[in-house]
Amino acid sequence: MELTANESFSRLVKIMEELREKCPWDKKQTIQTLRQLTIEETYELADAITDQDWKGIKEELGDLLLHIVFYAKIGSEQEKFTLDEVINGVCEKLISRHPHIYGDVKVENDGDVSRNWEKLKMKEGKKSVLSGVPKSLPAMVKAMRLQEKAKQVGFEWDNKEQVWHKVEEEQKELFEAIASGDQNHIEDELGDVFFSLVNYARFINADAENALERTNKKFIDRFTKMEAAALESGKPLAEMTLEEMDAIWNRIKRP
């Protein structure tokens, strides 16, 4: 018989309790030892999402859910918080931040929802609209989140043409920095180019992080095929000229 969501969750909690009591590996874990594993699981979920691998997404969501239950178990043992408090805490947060559903606030679109969300967070004691962006986020993801947060208080371009003009302006400043030979200045200006391109990606409704990762995967696929083709020809890549490698690359690129 198939279990309900509540029954399945209770089963997971019970298994976690048994593992924490009986398994040598599970017994020795701390929030610090789990941290890196949780980061890895999150990236594995991100990979599955990029590949639109629904089987993988289901599996990785299960792994993340296990980590949540694991942290809650340790929190309970340390008398810091319980799993019930974790769940009820997020329930209360969702209710308080959705007054257009659970109150009398009126909204017209998702933009209104996002702006209300940020206003409510400020009322809860946040000192800056940017304070909710984790410091340890990868730089490109962080850039997207910072821009999205700033947008909620009106710090935003009017259209994508203005943003592209900014990209071109930053490129010009990068070339000037390269000409100066000042490496710190070059990196600063290159960062500005990246930041403005991420901004442009938002304006054309593209996920900059996902777009780059798709290109990474495409490069890996084509490069490994090029390596295989080179070995098949009896001449490894290291012994080929750039022109020879480029010829193989272009052949692989063709649909």
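In this predicted model, helix α3 (residues 31-50) and helix α4 (residues 54-77) have axes that come within 9 Å. The two axes cross at roughly 160°. Angles over 145 degrees count as roughly antiparallel, so α3 is roughly antiparallel to α4. The crossing of α3 past α4 is left-handed.

Residues from both helices form this contact. On the α3 side, the contact is made by Ile 31, Leu 34, Arg 35, Leu 37, Thr 38, Glu 41, Thr 42, Glu 44, Leu 45, Ala 48 and Ile 49. On the α4 side, the partners are Gly 56, Ile 57, Glu 60, Leu 61, Asp 63, Leu 64, His 67, Phe 70, Tyr 71 and Ile 74. Sorted by type, the residues of the α3 contact with α4 comprise 12 nonpolar, four polar and five charged.

The loop between α3 and α4 contains Gln 52. Its backbone angle deserves a comment. Most residues other than glycine have a negative phi. Gln 52 is not a glycine, yet its phi is positive, near 50°. The relative accessibility of Gln 52 is 62%. Exposed means over 50%, so Gln 52 counts as exposed.

Glu 79 is found in the loop between α4 and α5 (83-96). Glu 79 also is not a glycine, and its phi is positive at about 60°. Its relative accessible area is 74%. Glu 79 is therefore exposed, by the cut-off of over 50%.

Attention now turns to the buried side chains. In soluble globular proteins, nonpolar side chains tend to be buried together. The largest nonpolar core in the model has nine residues. Its members are Leu 12, Val 13, Met 16, Leu 34, Val 69, Phe 70, Ala 72, Ile 74 and Leu 83. The largest share comes from α4, with four residues. Leu 34, Phe 70 and Ile 74 belong to this core, and these residues also take part in the contact between α3 and α4.

Leu 83 is another member of the core. Leaving aside neighbours within four places in sequence, Leu 83 is in contact with Phe 9, Val 13 and Ala 72. Another core, of six residues, lies apart from the largest one. Among its residues are Ala 230, Met 240, Ile 248 and Trp 249.

Technical notes
Residues are numbered from 1 along each chain as its sequence is written. This is a predicted model: local features need pLDDT of at least 70, side-chain atom pairs count only at pLDDT 80 or more; totals for chains, interfaces and linings use all residues. Side-chain values use heavy atoms; hydrogens and water are left out. Axes are lines fitted to C-alpha atoms, for helices over the stretch in contact, and angles run from 0 to 180 degrees between N-to-C directions. Helices (H or I, at least four residues) and strands (E, at least two) are DSSP runs, numbered from the N terminus. Angles under 35 degrees count as roughly parallel, over 145 as roughly antiparallel, 65 to 115 as roughly perpendicular and the rest as oblique. A crossing is left-handed if the near helix is turned anticlockwise from the far one by less than a right angle, and right-handed if clockwise. Contact means heavy atoms within 4.5 Å. Ala, Val, Leu, Ile, Met, Phe, Trp, Tyr, Cys and Pro count as nonpolar, Asp, Glu, Lys and Arg as charged, and the others, Gly among them, as polar. A nonpolar core is a set of buried Ala, Val, Leu, Ile, Met, Phe, Trp, Tyr and Cys residues joined through side-chain atoms within 4.5 Å. Buried means under 20% relative accessible area, exposed over 50%, partly exposed in between (1.4 Å probe, protein chains only).
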